[in-house]
Amino acid sequence: KFLEEVLKEFPNLSKNKQTVKFNDINQLKNASQGEELLGKKTKKLVHYLNSEPFLNFLTNLTGIENLLPDPTLSGGGYHEIKPGGFLKIHADFNKHPKYGLDRRLNLLIYLNKNWDDNYGGNFELWDKDMKSCVKKIPPNFNNVAIFSTTTNSYHGHPNPLKCPKNRSRKSIALYYYTNGRPEKEKIK
């Protein structure tokens with residue numbers, strides 16, 4: 001029920017002047033920046049997902065100690081992809097642009113009710129050589145993806161979205177950091 005209230009607050013990012021618009025060879029999507037566009041319920045959700053109890057849950061789930069949230073939502077927040085939009089397979093940035101912390105985890109919450117598989121938009125996780133997809137997660141309402149952020153944690157949804165013009169693929173993204181990362185994860 002709470003997530004339904006969050007969905008009601010989701011703005012049309014393509015029509016908002018404060019939206020960050022990505023339109024290049026690798027992506028066609030819209031995103032919010034910071035908390036300014038977040039609705040009241042969405043802020044409450046984001047603040048909980050950045051809280052100590054949730055960080056403890058993530059540590060228990062992943063084994064990654066000393067996780068820190070990103071209060072600036074740099075790259076996080078609302079994400080929206082309209083028909084024809086896509087996100088080529090890629091690995092994310094590994095350092096926080098302001099704090100220099102190491103990005104360790106991504107959390108994606110999907111907000112798409114009655115999503116038809118024919119629309120596409122599945123979240124794809126690929127192998128470390130970027131040769132094949134190893135897992136697909138449909139962007140259905142209340143689906144959550146949590147995955148590690150390394151130089152070879154490849155993911156995306158490479159095929160253009162085929163949903164009707166009055167629909168879009170909506171999600172909320174949050175990123176978690178540590179001060180340093182294990183040697184085996186560092187770029188050599």
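**Salt bridges and helix faces**

Mentor: Lys95, Asp102 and Arg181 are linked in a network of salt bridges. Keep in mind that this is a predicted model.

Trainee: How far apart are the closest N and O atoms of Lys95 and Asp102?
Mentor: Lys95 is partly exposed, at a relative accessible area of 47%. Asp102 counts as buried, at 9% relative accessibility. The two form a salt bridge, and their closest N and O atoms are separated by 3.1 Å.

Trainee: Is Arg103 buried or exposed?
Mentor: Arg103 forms a salt bridge with Asp92, with 2.8 Å between the closest N and O atoms. Arg103 lies in strand β6 and Asp92 in the loop between β5 and β6, so the pair ties together parts 11 residues apart in sequence. Buried means under 20% relative accessible area. Arg103 has 0% relative accessibility, so the answer is buried.

Trainee: Which residue forms a salt bridge with Glu5?
Mentor: Glu5 is partly exposed, at 32% relative accessibility. Its closest N–O distance in the salt bridge is 3.1 Å, and the partner is Lys41. This pair links distant parts of the chain, 36 residues apart: Glu5 sits in helix α1, and in helix α2 sits Lys41.

Trainee: Why do the buried residues of α3 line one face of the helix?
Mentor: The buried residues of α3 are Phe54, Leu55, Leu58 and Thr59. Look down the helix axis. These residues line one face because they fall within an arc of 145°.

Trainee: Which elements give two or more residues to the nonpolar patch?
Mentor: The patch covers about 340 Å² of surface and is made by Phe57, Leu61, Val144 and Ile146. The elements that give two or more residues to it are α3 and β9.

Trainee: What is the relative accessible area of Phe57?
Mentor: Phe57 lies in helix α3. It is partly exposed, with a relative accessible area of 42%.

Trainee: In β8, which residue is the bridge partner of Leu125?
Mentor: Strands β7 and β8 run antiparallel, joined by 4 bridges. Their hairpin has 6 residues between the strands, and Met130 there takes a positive phi near 60°. Across in β8, the bridge partner of Leu125 is Lys135.

Notes: Residues are numbered from 1 along each chain as its sequence is written. This is a predicted model: local features need pLDDT of at least 70, side-chain atom pairs count only at pLDDT 80 or more; totals for chains, interfaces and linings use all residues. Side-chain values use heavy atoms; hydrogens and water are left out. Buried means under 20% relative accessible area, exposed over 50%, partly exposed in between (1.4 Å probe, protein chains only). The arc is that of the directions from the helix axis to the C-beta atoms. Two strands pair if DSSP finds at least two bridges between them. Patches are made of residues with over 30% relative accessible area and no salt bridge: like charges are joined within 9 Å, nonpolar side chains (Val, Leu, Ile, Met, Phe, Trp, Tyr) within 5 Å. Accessible areas come from the Shrake-Rupley method with a 1.4 Å probe; for residues, only the protein chains shown count as cover. A salt bridge is a side-chain nitrogen of Lys or Arg within 4 Å of a carboxyl oxygen of Asp or Glu.
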